[in-house]
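Student: Could we go through this structure together, beginning with how two of its helices pack?
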Amino acid sequence: MKITKVRPILADRFLFVLVETDAGFTGVGESGAWGHLPASATAIQTFSEYLVGRDAGEIEQHWNTMHRFGHFRGAAICGAISAIDIALWDIKGQALGVPIHALLGGPTRRRARLYAHVKAPTRERVVEIALQRKAMGFTAIGHLNPFLDEDRERPYFRSHARKIDDGVRVVAELRDALGPDVDLCVEIHRRLTPPEAIVFAHEIAPFRPMFYEDPIRPGSAEAMGRVADAISLPIATGERFFSLEEFQIHISRGALAYARVSISLCGGITGARKVAALAEAFDVAIVPHNPLSPISLAAALHLDAAIPNFAIQEYPLTGDSAGGDEGAPHLRGWHLVDRAFEVEDGFVAIPGEAGLGLRLAAGCEQAPVVARDIRMRSHLDGHVVDQ
């Protein structure tokens, strides 16, 4: 079964790839090179020159060739490899008439537990939306920033004491409102320095967060490890990692308890499976990252089904039912695929269809491209802050 065409598709805020074969099967994948999708689309086109005419089933061979031929890597390139890899697994599953997880040794589970997104500019709205998610049946909420998603056009400044106090108050009010039956997946979005991260972790530990994600910028395993050594909360990180080696360094240092694998960035299903096996050897759990479309989510669900160390799946539910900016709750990118996921009691069924189990919807290619601006929030002193 030969590859006949590899085509990137920029649609809305996403980058998909379609891989066609001479046997009539077409696979779909998605790049997670968030902010660099046009560059990733160019990388897909470059890889197409190698792939066309080759056997679609030689996934590991193609994965190694694309990673190693040019010596240099990065998010745009690895996002392209990830998208192609997912599409090739989709083709193999379709050709054999089985879901992807069956090719990986699964399923180990029939459903995946989810955590829903909560995003708001004020403490009151965070609590209000979190209660809505609980009413919808979710048993965990995430994308949960105690320092809030404020207007990025407004310069930022708070004293150390005020910053810590405000963040602790958000977590405390969430725990009080939600009770112990909803887990808090606290995501700091790299807002803190190592000393701040240690102080804040000690303050919120009594409210029992499930994990403490990216308290600092995740570039240094040693810095993240120092934070992990000093606190009792389990750290989650890895959503920006595009290689097995980045996970290896952090896991070996003891810098994380939950590996946030981005399946559309770290090498697709092939790469994520390697990370999961490495993590399993260190008793580290997998929490797949997915702020992308249902295509990336479907790929993650196949991984979730096939590995023993899966913990919980990020579910990018946007909007709220109280007139928020994005209207009623919906799965991000839902309008670009051919079917919806059915969530019940905070779980979603593992796809059982052959291959990935999702197709791009008719008209997907006509969806206007939403560009991601290059901008950061300014600190009051004129420098930049992560948010």
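Tutor: Contact here means heavy atoms within 4.5 Å. Helices (H or I, at least four residues) and strands (E, at least two) are DSSP runs, numbered from the N terminus. This is a predicted model, in which local features need pLDDT of at least 70 and side-chain atom pairs count only at pLDDT 80 or more, while totals for chains, interfaces and linings use all residues. Residues are numbered from 1 along each chain as its sequence is written, and side-chain values use heavy atoms, with hydrogens and water left out.

Student: Which residues in H1 meet H2?
Tutor: Phe-47, Tyr-50 and Leu-51 in H1 meet Gln-61, His-62, Thr-65 and Met-66 in H2. By class, this contact has four nonpolar residues, three polar and no charged; Ala, Val, Leu, Ile, Met, Phe, Trp, Tyr, Cys and Pro count as nonpolar, Asp, Glu, Lys and Arg as charged, and the others, Gly among them, as polar.

Student: Moving on, where is Leu-356?
Tutor: Leu-356 lies in the loop between strand E15 (347-349) and strand E16 (377-378).

Student: Is Leu-356 buried or exposed?
Tutor: Leu-356 is buried, at a relative accessible area of 0%. Buried means under 20% relative accessible area, exposed over 50%, and partly exposed in between (1.4 Å probe, protein chains only).

Student: And what does Leu-356 touch?
Tutor: Not counting residues up to four places away in sequence, its contacts include Val-28, Ile-86, Asp-90, Ile-100 and His-302. The C-alpha atoms of Leu-356 and Val-98 are separated by 9.3 Å, although these residues are 258 residues apart along the chain.
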